Amino acid sequence: MTETGGPSGPEGTETPKPQAGESTQPQADAPAQPQSDTPTPPQGQAAQQWQSPSGATPPPPLPSYQPPPQQYPNWKVGLGRPGVIPLRPLNLTDILDGAVTAMRKYWRMVFGAAAVTAVLTAAINLVGLLLVDTTGDLEQVRDLGPAATDQELMNQMVGILGGTLATSFITLVATLLGTTVLTGFLTVLMGKAVLGKPVTFKEAAKEAAPRLLPLLGLTVLYTLAILVGAIFCLLPAIIPYTFWALASPAFILERGTVMEAFRRSVKLVSGMFWRVFGILLLAYVISSFLASIITIPFSFSAFLSIFGNLDQIYVPSTGDLILQSVGTVIAQTIVGPFTALVTVILYIDQRMRREGMDIELARAAGIQTPPPPQAW
């Protein structure tokens, strides 16, 4: 045993004790005993040249795992935009922009068809105004003066009312004819414009022609329903105006019967009544505002009569009627297609929201649609 309590050396030898002044560090020629199996690289400058005992360079560290970037669909274009609208549920800006884009891209066909229908409508209306001449009654009312009896005034007013109703009926018939032709043509055009496919005036007219006569019957029923509702109250007129607003594009594009088109319109509008009504009303307000601005210079005489003598009744001349007809033609050519195109785009939007029509349109346009999600 040693004095420190450690084990004794072999053969009873004792562990030598260091003498005073003698260093306790190991000798230079004595190899150092490793403390572990893995050699510890030296510190300092020699660390840059250190290698493992086998002489092999340690492998570089493995790169950290990074997942591949996920591809998310662009919500602004949905499944793509092959034509004038993106193939996804549309907002108000998309609908209005789609109508304006179609008017700009196909301006020859749009404004050409609108000009033809506007000229025919104005011609029929002008002929009706000339045949049912109400200027004579207006002149007689003006010449009666303040000394006229109530019976004389009543007789003249009845004559004016009858003539006004007759001219209004002729105007309504002309408007229905023009609206039917323009709606049928623009609906076919928009069906091609959504897919970005080229279309000619002859092709669109040929495709729409067989459907124009039943479309006229549909338009008459739609107008009568609105008029009957308006006679009783304004609110009942809003109901058929909104629920049946999409019947015309449904009739042209789905090629069903008139009653099927009405049912399809009710189905598409149900649940979104106020949205559809608001968009249609906004399109009508925009069209009416622009049309009034265009027609004011052509109705200058009637406009000046407002600031003239209030006791004098304005009696338009034949020249005034012709000038007003020219202004109506220009206004309907520029503004008329807007409401029809908004209605068709609204119909397509409702089908994309409810029936996934955007996928069908993407396939028809040659766009590869993403596969449906798989159930786990």
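This is a predicted model: local features need pLDDT of at least 70, side-chain atom pairs count only at pLDDT 80 or more; totals for chains, interfaces and linings use all residues.
## The largest pocket

Let's start with the open space. The largest pocket holds about 1800 Å³. Its lining is made up of 50 residues. If you want to find the middle of the pocket in your viewer, look for Thr175, Thr179, Tyr284, Gln332 and Thr339, which lie nearest its centre.

Several helices give two or more residues to this lining: H2 (107-131), H4 (150-193), H6 (212-232), H7 (234-243), H10 and H12 (318-355). H12 provides the largest share, with 11 residues. What kinds of residue line the largest pocket? The lining divides into 28 nonpolar and 22 polar residues, with no charged ones.

## H6 against H7

On the H6 side, the contact uses Tyr222, Ala225, Ile226, Gly229 and Ala230. These meet Leu234, Pro236, Ala237, Pro240 and Tyr241 of H7. By class, this contact has 9 nonpolar residues, 1 polar residue and no charged ones.

## H8 against H12

H12, the helix with the largest share of the pocket lining, also meets helix H8 (residues 247-254). Here the axes come within 9 Å and cross at roughly 75°. That angle falls in the 65 to 115 degree range, so H8 and H12 are roughly perpendicular to each other.

H8 brings Pro249, Ala250, Leu253 and Glu254 to the contact, and H12 brings Thr343, Val344, Tyr347 and Arg351. Sorted by class, the contact of H8 with H12 has 5 nonpolar, 1 polar and 2 charged residues.

## H1 against H10

H10 (residues 273-295) packs with helix H1 (residues 92-105) at an angle of about 40°, and their axes are 12 Å apart. The crossing of H1 and H10 is right-handed.

Leu92, Ile95 and Leu96 of H1 make this contact with Arg275, Ile279 and Leu282 of H10. The contact has 5 nonpolar residues, no polar ones and 1 charged residue.

Technical notes. Residues are numbered from 1 along each chain as its sequence is written. Side-chain values use heavy atoms; hydrogens and water are left out. Axes are lines fitted to C-alpha atoms, for helices over the stretch in contact, and angles run from 0 to 180 degrees between N-to-C directions. Helices (H or I, at least four residues) and strands (E, at least two) are DSSP runs, numbered from the N terminus. A crossing is left-handed if the near helix is turned anticlockwise from the far one by less than a right angle, and right-handed if clockwise. Contact means heavy atoms within 4.5 Å. Ala, Val, Leu, Ile, Met, Phe, Trp, Tyr, Cys and Pro count as nonpolar, Asp, Glu, Lys and Arg as charged, and the others, Gly among them, as polar. On a 1 Å grid over the protein atoms alone, a cavity is a set of points where a 1.4 Å probe fits but cannot get out, and a pocket is an open set with protein on both sides within 12 Å along at least five of seven lines; lining residues have an atom within 4 Å of a point. Grid points are joined across faces, edges and corners, and a volume is the space filled by probe spheres set on the points. Angles under 35 degrees count as roughly parallel, over 145 as roughly antiparallel, 65 to 115 as roughly perpendicular and the rest as oblique.
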